[in-house]
Amino acid sequence: GYSTVISFRENGEATNRLSTEPTTGPVDNNEFSDANGNYNVTAEQEAFVAVGITFYNLPLSGTAEADWTVEKFNSYKPTLQAAEAAGPVLAHCRAGHRSAAYTMAYLAQKAGQCTSWAVQESKYVGFYFDTKDNIQVMKFFREVLGC
């Protein structure tokens, strides 16, 4: 029932491998990997477009400081709005961290909510951003949401 898929993965980033899979080479677990076993954005886009689902790639490394800025968020916001307007959206990255943070920031901003709301709502889907390991995300929420 999804109308749109948004990938927050960078093309060529490492693919998740199951314990039963080889440590090198392609991966046959629907990760859209290339011959080297790295994420292939083109393969994912072609798969979804072929079945009539709109696909967007909003790449974030997750570690680059530039990924966690108001400017980056604002550059992606029109795509998030278009995806939402089209119907149900599946947003993903490799582990869900990047997609959850950006999606929660978008939803919180749209609802006029603050960082505390985004953090609490994130917990409902399994992401605890209010930890010492997530200082960048917390700063991102405060800057994007202004509170």
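Residues are numbered from 1 along each chain as its sequence is written; side-chain values use heavy atoms, with hydrogens and water left out. Because the model is predicted, local features need pLDDT of at least 70 and side-chain atom pairs count only at pLDDT 80 or more, whereas totals for chains, interfaces and linings use all residues.

Two packed helices are described by the angle between their axes and the distance between the axes. Axes are lines fitted to C-alpha atoms, for helices over the stretch in contact, and angles run from 0 to 180 degrees between N-to-C directions. Helices (H or I, at least four residues) and strands (E, at least two) are DSSP runs, numbered from the N terminus.

Helix H3 (residues 97-111) packs against helix H5 (residues 135-145) at an angle of about 25°, and their axes are 10 Å apart. H3 and H5 are therefore roughly parallel (angles under 35 degrees; over 145 is roughly antiparallel, 65 to 115 roughly perpendicular, the rest oblique). The crossing of H3 and H5 is right-handed (the near helix is turned clockwise from the far one by less than a right angle; anticlockwise is left-handed). From H3, the contact (heavy atoms within 4.5 Å) takes in His97, Ala101, Tyr102, Met104, Ala105, Ala108 and Gln109. H5 contributes Val137, Phe140, Phe141, Val144 and Leu145. By class, 10 of these residues are nonpolar, 2 are polar and none is charged (Ala, Val, Leu, Ile, Met, Phe, Trp, Tyr, Cys and Pro count as nonpolar, Asp, Glu, Lys and Arg as charged, and the others, Gly among them, as polar).

H5 also packs with helix H4. Their axes come within 9 Å and cross at roughly 130°, which makes H4 oblique to H5. This crossing, too, is right-handed. Thr115, Ala118, Val119 and Ser122 in H4 meet Met138, Phe141, Arg142 and Leu145 in H5. The contact of H4 with H5 comprises 5 nonpolar, 2 polar and 1 charged residues.

The structure holds 12 aromatic pairs (rings of Phe, Tyr and Trp, the last by its six-membered ring, with centres within 6.5 Å; planes under 30 degrees apart are stacked, over 60 edge-to-face, the rest tilted). The ring centres of Trp68 and Phe140 are 5.2 Å apart and the planes stand at 80°, so this pair is edge-to-face. Trp68 sits in the loop between strand E2 (54-57) and helix H2 (70-86), and Phe140 in H5, 72 residues apart. Trp68 is buried at 4% relative accessibility (buried is under 20% relative accessible area, exposed over 50%, partly exposed in between; 1.4 Å probe, protein chains only). Phe140 is buried at 0%. Phe73 and Tyr102 form a tilted pair, 6.0 Å centre to centre with 45° between the planes. Phe73 lies in H2 and Tyr102 in H3, so the pair ties together parts that are 29 residues apart in sequence. Both residues are buried. One aromatic cluster is formed by Phe8, Trp68, Phe73, Tyr76, Tyr102, Phe127, Phe129, Phe140 and Phe141.

Two loop residues complete the account. Tyr128 is in the loop between H4 (115-124) and H5. Its relative accessibility of 48% counts as partly exposed. Beyond neighbours within four places in sequence, Tyr128 is in contact with Lys123 and Asn134. Val27 is in the loop between strand E1 (4-7) and helix H1 (41-50). Val27 is buried at 10%. Leaving aside neighbours within four places, Val27 is in contact with Thr15, Asn16, Arg17, Glu21, Ser33 and Gly37.
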